[in-house]
Amino acid sequence: MAEVVVVRRKYHWPEAQLNLWIIIMLAAGATVLGIFAEFITIQNQMQLGIPWIMPYNVTIGALLILFIIMILGLISQRMLLPGIVILGSFILFVLWLTGLIATAIQLFGPSGSVNNNCSLYVTSQPSHGPNINTLAWLQQNNICSCWKAAFSFLVIGCVFLLWMIIMGTQVSRDDYD
């Protein structure tokens, strides 16, 4: 009778770095998802068309959160494999980089960009006092700040996804023993 030998390899993930990565990426994914979901709500309320970048960024934020939930499930079963993390992080990196580039074009692109409009119509014309104009200015200022925050979190997301690819590679080579 043939005997079957099962060999299980254990991978040693750096706990502090993995936990930090999970927390920061949850914040990035939730922020991008929330900001662009709010933009979609604003566009609908104003009865304007929805640019493709808005649902795209909502989707990549949701995918990142699902990826982290999957990682947490694998961690709880002690089955987090570097290959899964590297592949998932690479796919998300490409998606997030696309979102970053498209958001950068909208935010900092040629004439009529969000940043130019914010500088021209919002930042340079502040409103004060208890009136409807101040309330409208606060909302416009919030929208401008949200664009900048979304761009910043897309940059952070891309950097941390690249870091996870590198960390997964190091774990697979047992560099963290």
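A residue is called exposed when its relative accessible area is over 50%, buried when that value is under 20%, and partly exposed in between. The structure is a predicted model.

By that cut-off Q47 counts as exposed, because its relative accessibility is 73%. Q47 lies in the loop between α1 (15-45) and α2 (53-76), and although it is not a glycine, it has a positive phi of about 55°. The loop between α2 and α3 holds R78, whose phi, near 55°, is also a positive value in a residue other than glycine; R78 is exposed, with a relative accessible area of 77%. As background, most residues other than glycine have a negative phi.

L87 itself counts as exposed, because its relative accessibility reaches 53%.

Helix α3 packs with helix α5 (residues 132-172) at an angle of about 155°, their axes lying 8 Å apart. Angles over 145 degrees count as roughly antiparallel, so α3 is roughly antiparallel to α5, and the crossing in which α3 passes α5 is left-handed.

V159 has its place in helix α5, and its C-alpha atom is separated by 20 Å from that of I69, a residue 90 positions away along the chain.

The accessibilities are collected here.

| Residue | Relative accessible area | Class |
|---|---|---|
| Q47 | 73% | exposed |
| R78 | 77% | exposed |
| L87 | 53% | exposed |
| V159 | 48% | partly exposed |

Definitions and conventions. Residues are numbered from 1 along each chain as its sequence is written. This is a predicted model: local features need pLDDT of at least 70, side-chain atom pairs count only at pLDDT 80 or more; totals for chains, interfaces and linings use all residues. Side-chain values use heavy atoms; hydrogens and water are left out. Buried means under 20% relative accessible area, exposed over 50%, partly exposed in between (1.4 Å probe, protein chains only). Axes are lines fitted to C-alpha atoms, for helices over the stretch in contact, and angles run from 0 to 180 degrees between N-to-C directions. Helices (H or I, at least four residues) and strands (E, at least two) are DSSP runs, numbered from the N terminus. Angles under 35 degrees count as roughly parallel, over 145 as roughly antiparallel, 65 to 115 as roughly perpendicular and the rest as oblique. A crossing is left-handed if the near helix is turned anticlockwise from the far one by less than a right angle, and right-handed if clockwise.
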